[in-house]
Every structure is written in structure tokens, then in C-alpha cells.
Amino acid sequence: MFGQRPVGRFAPPVNMFFLLAAASLAVPAWAQAPREIAIDFEDGRLDGWEIKGDVRIEADGGRACLRIGQKGEATLTIAPEDGFGTVEMWVYDSGLAREGDAAKERAYGPLWGLTNSAVERLVFGLLWAPYLSGNGTYGWISTVKNGYASRQYARVKRGEGWHRWEFIVTNETDIVVRMDEKYEATAFDVMTAAYHRGFNGVFFRGGIDIDEPLLVDGIRIAYQPEPISPRMRPLPGEPWKPPDLEPLHIKPELARKHPRLFFTAEQIPDIRRRCQTTHQSFFETLMSGAASYLKQMPPEKSADCSKDQDMQQWAWWRLGVLSFAYVATGERQYGEKAKEWLFTFCSYPDWGAGGSKNQSMGTANMISGVACAYDWIYDLLTEDERETVRQKLLKQVSELWHLGFADPSTEGFWKQDHQNNHMHHRLSGLLLGSLAIAGEVEGAENYLAAAAEQCRMVHNALPPDGSNHEGPGYMAFGYSYVVRCFDALRHTTGIDLFDSDCLRNAPWFRAHMLTPGFTSVFNFGDGGQGTYYFNHYLFRLASEYGDGGAQALMDAAYRASPGSFTYAEWPILWYDPSVKPQPLAELPAWRYFSDLEVATYRSSWEDPKALAVFFKCGPYGGHRLNEVNAAEGGGWVNIAHDHPDANSFMIFADGHFFATDDAYPKKRKLTESHNTILVDGQGQAHRGTGWSQPISRMGEMGRIDAFFGSPGRFAARGDATEYYAGLTQAHRWLAVIDDEYVLVLDSLKSGEPHRYEWLYHCDGDWSEAAPGRFTIQKDDATFGVHLLLPESADCALEPDVFEEKERGKILKVSPPGEAAEAHYLAILAPRGAPYDASVVEDGDIVELTVTRGELVDRILFNGSGVEVARQGIVTDAPFTIVTTTKSGDLRDITMVGGSQVSTTGVSLTAAVPLNLRWQPSRSGGTLWASAPPRAEPDTVRVTVGGLRPRVTYTLGLTGRKANVAAGADGGLAIDVEVGADTEKLEVLASPRQFKDRPFTD
């Protein structure tokens, strides 16, 4: 009738458990000694139970269980005083579901759980409400404050049948609830905050609004009067105990002095000088905001300022601007207004609400804002006012530490993920709050020590390539807080964490995520195409490392989008005009970011209509996150903002996106939303709906295994095989040829036939010029999409619907039928450049010939892994391109990942596989060289064949020169120091050409 309970659910050995009987309830000694109790209802008795309404013992397939009918209640008190221990019970779920609108209406089904001596209950059960998913998950209630009115979500999925529930009460505040040893229900702090003191019995209630009985069996209780473990949290009204760490003290010269977080009083005259000279544009922005805030007041009630965004905007952004306006001008009106706001926030009993109260991202931003305001308007506060702020900061810092960092039973997906933006916000609150009151309130230095240790863990976890797996928007949202923490920590304590490859490279990653013109971004991950806000930290990094290239790029980004560098107090503090910007034209326009596996290229840093491409094929979270996670035991990490987008690309040209990514899916993250491949209609391996979740072996998925950049030419290959179940190969090449067109080649293999789909997203006006050949128009810009392989493909142009909104068109390309292997080859042409193209497909080799004006490109994609001879080209490289005039004169020869290539009269060879490009000239030529991804830097002998025999050539490399003679065969042997960066060598036959000018790269 009711399903099967596991065999032998409770069969206690003799003398181990005490079988409860009616007479035993009257024994007061129970409160003085531990007890172990087991009840199976087989004797048919309910002696000692407090019964209300329809409650009886009922046979279930020949076995007895407790049945509580509609509105019935059953309470078993096991001791007069509250105690601690474990309660286990088997509860039956019939699978009852409410249909239609009723599924969101408030209703109480059966409830089961604990009771205490104050007759307060903590119960789980079948609960429905507009904000709950009662058909799919259980809910819970604590009756401490609002009786049964407050229904909460439990992280436990419902399932029909008998389930084993455990309630583990270890002390007055710590409770864990599990079902079937699988689901832990008490991940939210409100659970333990709402029910504390222990338990003295169990409580059961049948459905109230629904005629659904509760069936319970196999109750087992282990009870003792003393706590099992020390409390991690205080009882209401008790202070938190500071962490048991060696206190960290600030520099002696800063003790009892303010301001001190980022600057001292002695530096304020220089800040004011900057505001009137070199930093005037930032100052004007600051004062515009401050003037508007003079007319505003934050909400009087904390309930009206309890959301994360509210607390961030009021206490961190706006209060920071007001407080710093006082520093920058000395005008009291700004300081006095900041003071009003400061004490409004201090009057709030708590910062935040709900399950993350006093530990949320917003809480941390409130602490950061109040800490800075306290530090910056310190001279306007009386000693009593200072003490009020200190005590409030101590309370909030202590709760943030214990709830948001230290206590494993509270909510905290960020706790073991030091790359996560939520962690960075909380770290800022913990650090700035404790720094502001260090030396002034007992225990502050202990919290400061904890914050410093968390800073070190962030430093250890940051990806060395400067990337951020959560996307360009979240990068600024997180890293700006990291830089602020490291800056304040060094300024106040001397602890220096700026020895970081991540922070050194972060401005470059940011710049390469910006599209030409610096007004939008390649928006992988969660986020739109906008440039976002808090990019001021990039000025700080350019200053820290004296990086003129980063300074030039961030200057250009600021000029194009000054609003993306708010809030203005930070660039006033962090922009260093003494760092001389490098000319943008001299900066490399390509980059491979090895942690995230992203490759980018643009034809120019200066031209807002330049061609730019973005290519991504990496593991969820990036390599470093997965490495740190594995080293720490392989726990759960946050990849919520990552997408199933391996081998996806974006293209920007003539001021527009012509290959677009999705934005910020709140419902489902889908491979179909990206420019990549589907297999049998299915996307890449992932788990998640609106938020991606970790999956096994995700650190081994996705890799860019070939990359080469040089002026006008770029190539990268991604290996996404591990993302597709059943495939033995999913490779994609993305290449740029002389800034005139983009190539995309996919090589797909499997042991059995599949239906492959090639996806391409773009808004704009689409038209089909010929089968497989499309034109996209945006304003006065034209872009061509030409599918050459597979032959006779089915090309379907459909509305691109994203989160129920149409965002342009999606081109879906499929072979005529299923196949075990397939090649896709597309030419993507900015400006609709005219060309003729022909292709030959021969197993693992694809030969492409493109004629554009007077030039002919012969391109070989060689997937065979061995040397091949095609179109007059002999090569072992997986990607080769030879460009000649129509009359046969060589203009350019490039190989990626090979050790030799030759064509008529010219050859390139290397001792190990390299990326090489040779551009001949009358006097010699130019050689570009780099190593494949993950190859160690080395000195490699490269031979250029086809030069004049026995002629001495002068080699120029980054300011150095050397004379080398070609051999009798016209081969010039060059020792090249190759690494990830592309080296450029000038090879000239006449040394006199260097007489009047230095060498430049």
C-alpha cells in the first residue's frame, strides 16, 4: 500500500537501546543521563504520546507505522529539559502534487521534526507557497518567531516512497538535517538562527489544508543533556568570539590615526593638488556625484535597505563619493552629509535580511562603505560617535567572518572558491572593516589576521593569465575588490601580495576583451556587451607594474567610456600620470590566455572599425581554479556564470558585432546559444539551468592546442572533444588571413553516425545570395558568411530566441544525413570582400584556395599528423598558408605547429614544431616565430631556405643585430629564442640599411 521500507530499519541489540514505554515517560532522571531510544510501533501502543485528533497505529503491509491524519498532531516528549543528540525517523512521501495554479498557492501538508521545552518546533514537510516549489522539494518551518507562518525552502528534492531523515543537534546553535544520507537541508543560516537551545522531543502533524496523512516509522533517538561539540556561534545577545589567530597589527605609525586605509592626512594636500591638475576629469565626475547626493538620504528603516544592490549603492558607492568629496575639497557640507548617512546605517540593527543576513555581499559592501567613511571623515566625529561606529563595525565584521567564512553550516558557495566575486566582496568588508578599527577595539586584530589569511588564499587562487572565468563584467565586479584589499593591506600592514601574474596581466585581459573602439566587450560568460563600471583598479595595476602598454590601453578605454571607470575617488587615488603610455600601434594585437584557454586578435588598437575575433575553448572555471580545488580536496566550486561554450567565437568588424554570443541566461545556459556545434541536437557536457554546476573531470575539458599571432595573420585550434559524449574528435580552427577574411574549420569524428549542426548567431538584416552564401547588413557595414563544407548542406535561417525574446537570426547548418565524420568550412568576410574559393576534401586533409584580387591563398588543414604534399606545398604542419601573386611570386608563407614547410624556391624548417611566418622582400625578408601553447621557452634553430647563397645577412631582433652568412644552398640558419610571445626578426642583405636607424621590433 505505502511502499517498502528498507529491511532491518531498526533492530537494536540487547541492552543497546531502550524501548520506550508509557511508564518510562515519568522518570525525571532522563534529563540527567544520556538515553538511546528506538520505536517501531509493532506493539500497537501509543503510551506516553500526546495525541490530538486523528492519530493511530496502522498496519503497512503487515508492518506497523504511526499514521497522523488531517489536522492531527502527535508529540513525544523524551525529557523535561532540552538536550542534544540525533533523531532518526522514516517518513513516507506519497508523491502528492498540486496541479495548475494550486501548486503556487499556500498550503500545509504533513510536517515532521523536533520540539523543545518552550514548545517551539523545527519541522520539515510538504509545503506550498508562491516562492516555493512544493511539488519538487520539501520545505521547513521554525515556529520560534512567526509560528507556522514562515515557510522556507529546503535543499532536499522530493521523491515518492519511504525516506530516512536525520536531525543532528550538536549544541545550542548548530543543527544539521539530512535525508537519505544524501541531501543536506540546513545550508542556510536562518535555520540555526531560528531554532536554538536543543530539543526535548519529536513532533508530527498531518496535513492542514490538504487531506494527506503523515506516515512515520522507525524512530531512533540518541539524547544527552550536554552539548556534543562546542558552539561555533553565540546565542542571541551574546558577542562573537574572535578567531583564534595571532593578532595582526597595523604599522605603528598608523596606530590611532585616521585616515589610514589608503592614504594619510599628510597625503591629502597632494590629493587636492591632483584634483585641480592631472586628475581634474576624475574630480569633476566625483563632485557631480557628490552634489547630487547632498540632496538625498538613505532609507530610515533597514528593511528598505536590505537587498545586496541597495546596500552596495547607498553605503559603498554613494557614501564613498560623499566622504571622499570631503577629503578632496575640505568642504564640511560633504563630510556632514556623509556623517548623517553613516549614522543612519549604524542605526540599522542588521545589515541584510533573510538567509544571508549579516553575511551577504551587500553586508560586506555596507561594511566597506562605513569603514571608509569612518576613516575619511574621522576628524568630524566626536569620540562618542567614533566609539558607536567602532562597535557597529566590530559587530558586523564578526558576524561576517563567522557566518560568511568560518561556519561550515551556513550558506556559502564562495567559502572554498577564492576566485569568486562573492568572496572578493566579502573579503573587502572583512579587511576594510577590521583595518578601520584595528588597535581601537578588542578583537579587531584577530579579524584582521583572518582577513589577511583570506587575502593570501585569493592571491594563491588567481589565474596567472589575468583572466576571469565569470566574464568581463564579473571580472571588474570582483577584481576591483581584490586590488583594493591588496592595496589597503600593504599600506597599513606592509604585507605585499602584488607579486601576482594575474594582476600583472589583468589589464591586458581586460583590453583584449574590449572590442575596437573600446565601447563594448566580447561578452563570454554572464553579462552583456557593455563596458560595465569599476575598471578603475586597472589604473592601479598599470601604476603598480609601471606598465606603459597597460596605461595606454586603459587611457584609451577611459577616453572611450569614462563611465566604466566609476566611482571617481578610486582613479583619483590610483591613476599615475608618471607612467608613460606606449604608442598603441606598437602593442601586440593578439594574445593567448592559457588559463581560461582564450585567444584574441585584432587588426588594430587604434581603428574603431578594425576587425577583431574572440575564440574560447577551455575548462569550466579555467585551469587554476580546478588545480586549487583538487589540491584542497576537490570540494564544490562556483562556476555558476560559466557557459557550455567550448570552441565558440565572436567577431567584431566595421564597428559592429557580426558573430554574437548570448548574454546572461537566467533560465538555461545552452550550447545552442553560442557559435559552436551540436551533436544529435545535444550540446556540451554541463549540469545546470540558470546557473552552471561543477561536473566531474571538468578541469580536463577543453584546450587550445595551437596558437599563432602576427600582424594580419592569426590562427588558433581548439579541442573540445571531451565536451561531447560519443565523439573522438571535435577540433575547430579559427584563422584570420591578412585582415581580409576569417576561416572556421571544424573536424568532427565518432565511431558511429551522428547528426551534426553548425551554429552561427547574428542580428542584422540577413539575405541569401546563393546556397550556403549569406550577407548580413548593419547600417552601412556588410558581412559575408560562406559555407563551403559540407557539400549540399542544409542551411536553415531561423529566429534566434533567447529567454523568450528574439535577438536576431541563427544559422543552422547540417550535412544531408548522419555521418561518423564531418568537416565544416566557412569563410567569414568583413565588408563582403570579393573573392573566389574552391575546396578539396580528402580524408583528414582539407585544401582551400582563395583568390582575392591579384593574390592567391593556398591553405592546407592537415589533420593527418604526418607530412603531406598538396598544391605544390610540402608540410607536416596542421595549418599552412602560402600566399602568392597570380603570376606565382611568393608574398607570404605561414605554418602553425610544424617543423617544416616548403614551396617553390622557399622553405622553413625548425628543430622542433614551431609557428613560423616568412615574408620575403628584395633584400631578405621578415621572420616571425613563436612556440606552440604550453611549450617551454627555448633557443631553436630555424632555417630559411631560398635566399642568395653565401650572402651575409644582417639579422635584427628587438634592438639587437648579428651578421649571418647563408650557406651554399641559400639556407640561412638562425638561432631563435622562442616562447609564447611572437618574435619578429628582420633579415636584410645589406648591413648599410642599419647605419642611420636603430633596430625596432
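1. Buried here means under 20% relative accessible area, exposed means over 50%, and partly exposed is in between (1.4 Å probe, protein chains only). The model is predicted, so local features need pLDDT of at least 70 and side-chain atom pairs count only at pLDDT 80 or more, while totals for chains, interfaces and linings use all residues. Residues are numbered from 1 along each chain as its sequence is written, and side-chain values use heavy atoms, with hydrogens and water left out.

2. Start with Trp317. This residue is buried, with a relative accessible area of 11%. Tyr567 is buried as well, with a relative accessible area of 19%.

3. Next, the aromatic pairs. Rings of Phe, Tyr and Trp (its six-membered ring) pair if their centres lie within 6.5 Å; planes under 30 degrees apart are stacked, over 60 edge-to-face, and the rest tilted. The count by this rule is 62 aromatic pairs. Trp317 and Tyr567 are stacked, because their ring centres are 5.2 Å apart and their planes stand at 25°. Trp317 belongs to helix α5 (residues 308-329), and Tyr567 to the loop between α14 (548-560) and α15 (569-574), so the pair ties together parts that are 250 residues apart in sequence. Helices (H or I, at least four residues) and strands (E, at least two) are DSSP runs, numbered from the N terminus.

4. How are the rings of Tyr532 and Phe534 arranged? Their centres are 5.6 Å apart and their planes at 85°, so this pair is edge-to-face. Phe534 is buried, with a relative accessible area of 3%. Tyr532 is partly exposed, at 31%. Ring pairs link these residues into a cluster whose members include Trp317, Tyr532, Phe534, Tyr567 and Trp691.

5. Two arginines sit over rings. The rule is NZ of Lys or CZ of Arg within 6 Å of the ring centre and within 35 degrees of the ring normal. The charged end of Arg773 is over the ring of Tyr835, 4.8 Å from its centre. Arg917 lies over the face of Trp928, 4.6 Å from the ring centre.

6. Which residues of helix α3 (residues 268-276) are buried? They are Ile268, Ile271, Arg274 and Cys275. These residues cover an arc of only 115° around the axis, which puts them on the same side of α3. The arc is taken from the directions from the helix axis to the C-beta atoms. Their cover includes α4 (280-293), α5 and α15, with contact meaning heavy atoms within 4.5 Å.

7. Now an open sheet. Five strands are ordered β17-β18-β19-β20-β21, with antiparallel pairing. Strands pair if DSSP finds at least two bridges between them. The edges are β17 (590-593) and β21 (656-659), each pairing on one side only. Strand β20 (residues 648-653) runs antiparallel to β21, joined by three bridges. Phe652 has Phe657 in β21 as its bridge partner. Helix α12 (residues 501-513) lies across β17, β18 (598-602) and β19 (612-616), at about 120° to β17. Axes are lines fitted to C-alpha atoms, for helices over the stretch in contact, and angles run from 0 to 180 degrees between N-to-C directions.

8. Another open sheet has seven strands in the order β3-β6-β15-β8-β9-β10-β11, with antiparallel pairing. Its edge strands are β3 (49-52) and β11 (152-157). The twist averages 20° from one strand to the next. Five bridges join β6 (residues 73-77) to β15 (residues 201-205). Leu76 stands opposite Val202 in β15.
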